[in-house]
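Please look over the sequence and structure shown here before reading the briefing.

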Amino acid sequence: MSNITNEGLVLAFSALGAGIAMIAGLGPGIGQGHAAAAGAEAVGRNPGAKGDIMSTMLLGQAVAETTGLYSLVVALILIFANPLVGKL
Amino acid sequence: MGNSLGVVAAKEADFMIHNLLKLKILGQEVYLTTTHVSLLIICVALILIALVARIKLKDTNEKPSRFQNAMELVVEMLDGMVASSMGKKGAPFRNYIGVLFLFILFSNLSGLLGLRPPTADYGVTLGLGLITFFLVQVNNIRYNKFGAFTELFQPIPLLFPINLIGEIATPFSLSLRLFGNVLAGTVIMALVYGLLYKIAFFWPGILHVYFDVFSGAIQTYVFCMLTMVFIGNKIPDKN
């Protein structure tokens with residue numbers, strides 16, 4: 001096992017970390033699904049207010065998406081601008 | 001060797017910002033990047049549209065032309081968006097929100113023309129976020145006077161650090177949301193064109209419709225909507 005370099009180890013675990021970070025994509029998916037379900041319910045109850053419901057739903061979904069995007073940014077930093085490699 | 005992973009991926013799927021020209025300003029090395037070029041193209045396009053509209057709509061006595069109808073539709077849509085979420089107090093902000101909307105929309109749609117969207121560069125979106133942040137804080141102080149500072153100690157003084165972080169985090173969450181969405185689309189399109197180039201014909205168009213048009217328009221709307229909500233929260237209703 002002596003042919004693993006320090007750099008290779010850091011890069012490998014960075015790639016793993018990037019993959020694990022993207023598990024955070026689960027949360028926004030569930031949350032946005034809930035918002036869409038509530039929106040569909042609201043349109044069914046009051047079809048006249050479809051425009052307002054749509055804009056409110058999209059706004060809420062976009063805000064809920066933020067945590068997923070943070071994880072995306074963390075994953076991209078780990079892969080393309082890795083701060084850990086410089087510490088070796 | 002240290003950055004080998006990034007170099008390999010960039011060679012196959014090209015979504016990085018490229019340096020086109022190296023400048024030396026005040027002893028600092030500054031690069032002209034693809035972002036600047038895209039920004040310049042978008043600004044020129046927007047200014048040209050504005051100039052053409054100004055010249056063509058100088059005398060509006062006759063029957064409205066098709067161009068005039070289109071321009072009025074856009075302006076009415078933007079004004080209606082501001083009025084519906086801010087009400088009467090939104091009137092001074094119509095110009096800013098309208099320009100913001102058109103700029104971000106054109107930036108996001110520029111991916112369709114093969115440009116690298118400027119909003120996929122964190123420098124651009126952080127700039128937009130900071131403009132909104134200062135607009136919010138200036139209006140906060142203008143309308144609430146000293147209340148802008150005392151509201152940080154509400155409801156109990158112990159919450160001051162949390163309130164302060166909440167205020168400061170606004171531009172970052174706003175800009176990261178736009179940046180992340182556009183960058184995700186850019187990365188996926190680059191992967192499709194870079195790694196699947198042998199079978200990438202016709203069907204990437206569907207992905208373009210989703211990532212550039214749909215996602216871009218939604219994020220534009222969300223950015224403007226949140227800007228209006230943040231500003232509207234700081235202005236008391238009686239004004």
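**Confidence in chain B**

- Chain B has an average pLDDT of 86, and 94% of its residues score at least 70.
- Among the elements of chain B, the highest mean pLDDT, 93, belongs to helix 4 of chain B, whereas helix 1 (residues 4-12) of chain B has the lowest, at 48.
- Over residues 1-10 of chain B the pLDDT stays under 50, and for this stretch the model has 7 contacts beyond four places in sequence.
- Where pLDDT is low, predicted coordinates should not be read in detail.

**Contact between chains A and B**

- Chain A contributes 13 residues to the contact and chain B contributes 15 residues.
- On the side of chain A that touches chain B, the elements giving two or more residues are helix 1 (6-21), helix 3 (50-64) and helix 4 (66-80) of chain A, and helix 4 of chain A gives the most, with 7 residues.
- The residues on that side of chain A comprise 11 nonpolar, 1 polar and 1 charged.

**Helix 2 of chain B**

- Helix 2 of chain B covers residues 34-56, and because its 23 residues should span 33 Å at 1.5 Å a residue, the 33 Å separating its end C-alpha atoms agrees with expectation.
- Buried in helix 2 of chain B are B:Thr35, B:Ser38, B:Leu39 and B:Ile42, and what covers the buried residues of this helix includes strand 2 (28-33), helix 4 (94-109) and helix 5 (122-144) of chain B.

How values were computed:
Residues numbered from 1 in each chain as written. Chains lettered and ligands numbered in written order. Predicted model: local features only at pLDDT ≥ 70, side-chain atom pairs only at ≥ 80, totals over all residues. Contact = placed C-beta atoms within 7 Å. Helix = DSSP H or I, 4+ residues; strand = E, 2+ residues; numbered from the N terminus. Nonpolar A, V, L, I, M, F, W, Y, C, P; charged D, E, K, R; others polar. Expected span 1.5 Å × (residues − 1). Buried ≥ 20, exposed ≤ 12 C-beta atoms within 10 Å, placed from the backbone. pLDDT = per-residue confidence, 0-100.
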